[in-house]
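The questions below ask what stands behind each term that is applied to this structure. Each answer sets a value against its definition and then concludes.

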Number of protein chains: 2
Amino acid sequence: METLRERKKRRTRESLLRAALELFTTQGYEHTTVDEIAEAVDVSQRTFFRYFAGKEEVAFAVQNITEAAFVAAVRARPPHEAPMKALRQAFLEGWDAIRETVESIVPVELYLRMYRTIESTPALLAAHLRRSAATEETIARLLAEREGVDVDTDPRPRLAVAVFAAVIRVTERQCCVREDFGPEALRTLSAAHLDQVGSALTGNWRGA
Amino acid sequence: METLRERKKRRTRESLLRAALELFTTQGYEHTTVDEIAEAVDVSQRTFFRYFAGKEEVAFAVQNITEAAFVAAVRARPPHEAPMKALRQAFLEGWDAIRETVESIVPVELYLRMYRTIESTPALLAAHLRRSAATEETIARLLAEREGVDVDTDPRPRLAVAVFAAVIRVTERQCCVREDFGPEALRTLSAAHLDQVGSALTGNWRGA
DNA sequence: CAGGCTAGTGACAGTCGCTGACAGTTGACA
DNA sequence: TGTCAACTGTCAGCGACTGTCACTAGCCTG
């Protein structure tokens, strides 16, 4: 059971979050001031900073959740599964669950719009990539543990995760550029790209 | 022939650059103010911003040069070479030339120290990853042109570059952590890691 | 070589992200 | 009901960055 205080807090936080995403996606991240966000929810600027460490953090609040969900999905894969297969399955099968989690906080449509804003705003893209790098590290350690190898001496965990993440990023970007950025497109495209990694690494591509 | 004005300008710029890197690497990026950098060279803060768009830009001034050199090295590879091989050779063989280029601006030792500072400063790491992403895009287009494929419909150029970049990044990070961060270590390690990508992607790793 | 032109600079004021300090208010709980 | 802790607003300040304006130093022409 939630106390009144907690309810109020949660409401303020979610209002700030939604207002921020709405402003970011409509008028751009850089052109949105923290004062504006606070004003839209009718709290002081200082209060905003009590809920979010900074302007950047609110932009990634939803991604935080999806990333955590993905890590959990990897952790839940059967331990006998081969590493790359586990990553692949966690991503493809976990997609719907992640989507539901997002929907409980903000409309998925707003989330997708925000994703595009991140891709097209240098400062946010930079932060996104750094955060991805941190997640990669987490998953690399997870895989290493699963497979019983040492993450600091055996490069394979980090290599595998780095390659997987690279493929996902390429896919995400392609989805962002196109108009048909739906859950299905991302799933089928990433499956296709994961299949093509092998052939992309060997030989030249002219002989079709 | 360089005019007096141009000489003065170049000297001011390089002084600012060296002073900035020196301060960043000794007392940290965050704890160094633009005022300090300007003061160290005895110019006004406003002048600093006339030479560098921001505090971040001066931190990556040297990386700018090395990245450009790498892109040029890839462009110079014989066109019949397979894509991944071209990347690999450009990186391994171009290393010495890049090193010389750096030395002409700042001591290599300072460059390496700065590299570590970048890796260990969140804001700089984020910027570094974003810049790397931009370079990846450049090289992907270059490879696509070489191979005569369309970069927007064929995912292989971006996939190959992304994988290559991921391997290099993993290697760089490992070199940063260790103490023996010399030119040799990076070269041999990246070669080894590039060889291991294949085996990292297939099967599980337990059966040694 | 005198005088004008312009690039480069410094000084100053202002915006925005962000933080610390302090005081007021509101919900929780005895 | 009164106390306490959590939450909030106000204010003052720092650092990154920008616009403006006046001034100086190098250059270029007559």
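A salt bridge is a side-chain nitrogen of Lys or Arg within 4 Å of a carboxyl oxygen of Asp or Glu, and a search of the whole structure under that rule finds 34 of them over all chains. This is a predicted model, in which local features need pLDDT of at least 70 and side-chain atom pairs count only at pLDDT 80 or more, while totals for chains, interfaces and linings use all residues. Side-chain values use heavy atoms, with hydrogens and water left out, residues are numbered from 1 along each chain as its sequence is written, and chains are lettered from A and ligands numbered from 1 in the order in which they are written.

Q: What makes the pair Arg158(A) and Glu137(A) a salt bridge?
A: The N to O distance between the two side chains is 2.8 Å, and the rule asks for a separation within 4 Å, so the pair qualifies. Arg158(A) lies in helix α9 of chain A and Glu137(A) in helix α8 of chain A, so the pair ties together parts that are 21 residues apart in sequence. Helices here are DSSP runs (H or I, at least four residues; strands are E, at least two), numbered from the N terminus.

Q: Why is the meeting of Arg158(A) with Glu137(A) also called a polar contact?
A: A polar contact is a pair of N or O atoms within 3.5 Å; within protein, one must be able to donate a hydrogen and the other to accept it, and residues adjacent in sequence count only if both atoms are side-chain atoms. The side chains of Arg158(A) and Glu137(A) make such a contact at 2.8 Å.

Q: Is Arg158(A) buried or exposed, and how do you know?
A: Buried means under 20% relative accessible area, exposed over 50%, and partly exposed in between (1.4 Å probe, protein chains only). Arg158(A) has 16% relative accessibility and therefore counts as buried, and Glu137(A) is buried as well. Glu184(B), which lies in helix α10 (residues 183-201) of chain B, has 51% and so counts as exposed.

Q: Which residues does Arg158(A) touch?
A: With contact taken as heavy atoms within 4.5 Å, and residues up to four places away in sequence not counted, Arg158(A) touches Glu137(A), Ala140(A), Arg141(A), Val151(A) and Asp152(A), together with Val170(B) and Arg173(B) of the other chain.

Q: What makes Arg113(B) a partner in salt bridges with Glu22(B) and Glu109(B)?
A: The closest N and O atoms are 2.7 Å apart for Arg113(B) and Glu22(B), and 2.4 Å apart for Glu109(B) and Arg113(B). Being four residues apart in helix α7 of chain B, Glu109(B) and Arg113(B) are separated by about one helical turn. Arg113(B), at a relative accessible area of 27%, is partly exposed, as are Glu22(B) at 36% and Glu109(B) at 46%. Elsewhere, salt bridges that share partners join Glu137(A), Arg141(A), Asp152(A), Arg158(A) and Arg173(B) into one network.

Q: What area is buried between chain A and chain B?
A: Buried area is the accessible area (1.4 Å probe) that two parts lose on being put together, summed over both. Between chain A and chain B this comes to about 3800 Å², of which carbon and sulfur atoms give 69%.

Q: How many salt bridges does the rule find across the interface of chain A and chain B?
A: The rule finds two, and the side chains of Glu137(B) and Arg173(A) meet in a salt bridge at 3.1 Å, N to O.
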